[in-house]
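Reader: I am new to this structure. Can you walk me through the terms as we go?
Author: Gladly. Here is the model to look at.

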Amino acid sequence: MQADWVAATVRGRSMAQRRLGAGACRSLSTLPNLPAAVEALAGSVYAGELAAARTLQEAQLATRRTVLWQLRVLAGWLPANGTPLVRAVAARFEADNIVALAAALSAGTPPDEAPDRTPGPSGRSGHSGHSGTSASTPFDLGGLATAWPRLRTAESLDTLQPMLAASPWGSPGPADSLSATLPDTLAAVWLRRVASAAPAARPWAVAAAVLLAARLLLVDGGRPTERQVSLLRPLIGTGWTEASSLPELLLALSPAAGQALAGVQDPRELWRAEAALAGRVETDGFSLLRAGLPGPGVVLGAAAVLAADAWRVRAALAAAGSGGGGSEVLDAVA
């Protein structure tokens, strides 16, 4: 038994027990409108952040603020050698802060007026904050930040680029294309960090890398930068970079990596693969939570279950906001 992990293990399991759950999310999705859905969550762990939400964007944003707060609380119970694990998981929020800052600087908009980039149920990259209801308020990472306190002082893309290059995020590419390439570059860095910090999360990172590559090539119609290819190489190799169709992409991937696209016949159906990945993360998270001995695996499992639950809540909120009647996204992970 890793005695120094006992407190974090107990706390993680307790937090996971407070999740909303698949059944409650299903019921939530059938409510007639967003206000009804927000009211239904009044007694949940999401209530505090949701209290002032008035739009779907704000409500979905609140679920992410809740997850970040849960990670910060969990980090407070970790032994010193456990902090890098939760910091790696929370780096997704820092990446979203950076992306929003770059977009604001590119547009000549003050950072506190930057547009929201909140992800939908599919988990696409986004930006939000922890406190308040403003969609442009950066996430408050507290002690889980790695470079944000310094990066947020950048006054232009020309100053942000070298600051990023000198940070744990590494070189983001040329400043003149930063706002276009940065979201995928930082997503790739994050996947590498999670896979390195938590070997049990590597299969999730591989699957997410496949979906990132598929979206970049087949939906956005772009080509990866050299930096992006280098970052994704340890996860999915390099043969995928010239694929122009799903069959070509599948041929370029290993059979294990290709499983991330199982059942997808058209790039427009990638959301189904994203939903399947969310379900896989949740299932694996529960398995880690049931591990017999305290340790980092249980903490990773708690983080995975909490993130998956928030993903389900976002899907349910979107369904309710569109008039209820259920959610095709939730059906995909039933």
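**Reading the terms**

Author: Start with Thr-9. Leaving out residues up to four places away in sequence, Thr-9 touches Pro-294, Gly-295 and Val-298. Keep in mind that this is a predicted model.

Reader: Where does Thr-9 sit?
Author: Thr-9 is in helix H1.

Reader: Why does Thr-9 count as buried?
Author: Buried means under 20% relative accessible area. Thr-9 has 2% relative accessibility, so Thr-9 counts as buried.

Reader: Which helix holds Arg-72?
Author: Helix H5, residues 56–75.

Reader: What does Arg-72 touch, apart from residues up to four places away in sequence?
Author: Asp-140, Leu-141, Gly-142 and Leu-144.

Reader: What makes the pair of Arg-72 and Asp-140 a polar contact?
Author: The side chain of Arg-72 reaches the backbone oxygen of Asp-140 at 3.1 Å.

Reader: Which residues have the most contacts inside the largest nonpolar core?
Author: Leu-160, Trp-169 and Ile-236. That core has 104 residues. Helix H15, residues 296–321, gives the most to this core, with 14 residues.

Reader: What is Ile-236 in contact with, leaving aside neighbours within four places in sequence?
Author: Val-206, Ala-209, Val-210, Ala-213, Leu-253 and Ala-257. In soluble globular proteins, nonpolar side chains tend to be buried together.

Reader: How much space lies in the second largest pocket?
Author: About 210 Å³.

Reader: Which elements give two or more residues to the lining of the second largest pocket?
Author: Helix H1 (6–17), helix H4 (47–50) and H5. H5 gives the most, with 4 residues.

Reader: What residues line the second largest pocket?
Author: Among them are Arg-11, Ser-14, Tyr-46, Glu-49, Trp-69 and Val-73. By class, the lining has 5 nonpolar, 4 polar and 3 charged residues.

Technical notes. Residues numbered from 1 in each chain as written. Predicted model: local features only at pLDDT ≥ 70, side-chain atom pairs only at ≥ 80, totals over all residues. Heavy atoms only, no water. Core = buried A, V, L, I, M, F, W, Y, C linked by side-chain atoms within 4.5 Å. Buried < 20%, exposed > 50% of the residue type's maximum accessible area, 1.4 Å probe, protein only. Contact = heavy atoms within 4.5 Å. Polar contact = N/O pair within 3.5 Å; in protein donor to acceptor, adjacent residues only side chain to side chain. 1 Å grid on protein atoms, 1.4 Å probe; cavity = no way out; pocket = protein on both sides within 12 Å on 5 of 7 lines; lining within 4 Å. Points joined across faces, edges and corners; volume = space filled by probe spheres on them. Nonpolar A, V, L, I, M, F, W, Y, C, P; charged D, E, K, R; others polar.
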